[in-house]
Structures are given as C-alpha cells and as structure tokens.
Amino acid sequence: GHAEVVEITFDPAQTSYEKVLDLFWDAHDPTTLNRQGGDSGTQYRSIIIAQNPEQKAAAGKSKDAAKSKFRQPIVTEIVEGKEFYPAEAHHQDFYERNPNYPYSRAVIAPKLEKLKSGSH
C-alpha cells in the first residue's frame with residue numbers, strides 16, 4: 001500500500017506551503033490514476049500527505065483551484081499523517097548521481113528546467 005513520494009522540508013519564512021502545493025500540481029500529472037509517465041501501479045498514485053489538519057485543508061483548497069488547469073478530473077488523494085519511510089540508498093539523490101541516465105534526461109531534466117524558468 002505504499003506510494004513513491006518525496007518528503008519536502010521547507011522554511012515557511014522562505015516559501016509558503018501554498019507555493020509548495022503550486023509546484024506539486026506543475027510537477028506531475030494529477031489526472032492519471034495509479035500512473036506517472038510510463039510507470040504504473042498503485043505506488044505511482046498522485047497523493048499529498050499533509051502533516052496536520054491545516055495543511056490538509058490548504059491542500060484541498062489548492063486541489064480545487066488547480067482543477068481549471070486540467071482537462072481531466074484530478075485524482076490526487078489528500079491524506080493526513082501517514083508515516084514517511086526513506087527509500088533504499090540507490091534511490092536517494094538519483095538525479096544528482098545519474099544526470100545522464102535516460103530517465104533523468106527525458107523526464108527529470110525537463111521538469112527541473114520548467115521549475116527553474118518559472119514557467120509553471
């Protein structure tokens with residue numbers, strides 16, 4: 001029942017939770033059930049794991065606002081308080097260690113460029 005996710009630690013004095021949520025909607029396709037790109041299965045579902053009721057409410061509000069960006073319905077789950085388990089070492093910092101790996105070049109690099117350019 002696990003989902004492959006990213007744990008994000010941020011300083012609210014530097015960026016808001018709402019900005020993190022905005023990036024979430026831009027970084028992947030939240031309309032495909034149990035699929036991201038060529039990867040399929042329940043572990044690839046779109047999910048936001050809020051740390052408290054306030055984050056969960058903000059995520060729901062953000063999801064409602066994001067609906068206008070997509071042609072298909074958003075299928076992202078929003079849950080509170082699930083425990084985070086780090087992936088195995090070979091998954092950690094994968095892009096930094098493997099920038100020329102085909103997946104890194106075809107999928108990760110374009111997303112990072114999009115985020116850096118501010119065109120999200």
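The legends below describe close-up views of a predicted model.

**View 1. The salt bridge between Lys69 and Asp26.** Lys69 and Asp26 form a salt bridge in which the closest N and O atoms are 3.7 Å apart. The two residues come from distant parts of the chain, 43 residues apart. Lys69 sits in the loop between α2 (53-66) and β4 (77-80), whereas Asp26 belongs to helix α1 (residues 17-27). Lys69 is partly exposed, with a relative accessible area of 46%. Asp26 is buried, its relative accessible area being 15%.

**View 2. The salt bridge between Arg45 and Glu77.** In this salt bridge the closest N and O atoms of Arg45 and Glu77 are 2.7 Å apart. Arg45 lies in the loop between β2 (39-40) and β3 (47-50) and Glu77 lies in strand β4, so the pair ties together parts that are 32 residues apart in sequence. Arg45 has a relative accessibility of 18% and counts as buried. Glu77, at 33%, counts as partly exposed.

**View 3. The salt bridge between Lys67 and Asp64.** The side chains of Lys67 and Asp64 meet in a salt bridge, with an N to O distance of 3.3 Å. Lys67 counts as partly exposed, at 46% relative accessibility.

**View 4. Buried residues of helix α1.** Five names make up this set: Tyr17, Val20, Leu21, Trp25 and Asp26 are the buried residues of α1. These buried residues pack against β3, α2 and α4 (102-117). Asp26, one of the buried residues of α1, is also the partner of Lys69 in the salt bridge of View 1.

**View 5. Strands β3 and β4.** The strands β3 and β4 run parallel and are joined by four bridges. Ile48 has Ile78 of β4 as its bridge partner. Ile49 is partnered in β4 by Val79. Together with α2, the two strands make a right-handed β-α-β unit.

View 6. Helix α2 has 14 residues. From its first C-alpha to its last, α2 reaches 20 Å, close to the 20 Å expected at 1.5 Å a residue. The buried residues of α2 are Gln55, Ala58, Ala59, Ser62, Lys63 and Ala66. Seen down the axis of α2, these residues fall within an arc of 140°, so they line one face of the helix. The buried residues of α2 pack against α1, β3 and β4. On the other side of the helix, Glu54, Ala57 and Lys61 are exposed.

**View 7. Ala65 in helix α2.** Ala65 lies in helix α2. Ala65 counts as exposed, with a relative accessibility of 54%. Its C-alpha atom and that of Ile108 are separated by 25 Å. Along the chain, Ala65 and Ile108 are 43 residues apart.

**View 8. Asn34, with a positive phi.** Most residues other than glycine have a negative phi. Asn34 is a residue other than glycine, yet its phi is positive, near 55°. Asn34 is found in the loop between α1 and β1 (35-36). At 23% relative accessibility, Asn34 counts as partly exposed.

**View 9. Asp93, with a positive phi.** Asp93 is not a glycine, but its phi is positive, at about 50°. The residue is placed in the loop between β4 and α3 (94-97). Asp93 is exposed, with a relative accessible area of 51%.

Conventions
Residues are numbered from 1 along each chain as its sequence is written. This is a predicted model: local features need pLDDT of at least 70, side-chain atom pairs count only at pLDDT 80 or more; totals for chains, interfaces and linings use all residues. Side-chain values use heavy atoms; hydrogens and water are left out. A salt bridge is a side-chain nitrogen of Lys or Arg within 4 Å of a carboxyl oxygen of Asp or Glu. Buried means under 20% relative accessible area, exposed over 50%, partly exposed in between (1.4 Å probe, protein chains only). Contact means heavy atoms within 4.5 Å. Two strands pair if DSSP finds at least two bridges between them. A crossover is right-handed if, with the strands pointing away from the viewer, the path from the first strand over the helix to the second runs clockwise. The expected span of a helix is 1.5 Å times one less than its number of residues. The arc is that of the directions from the helix axis to the C-beta atoms.
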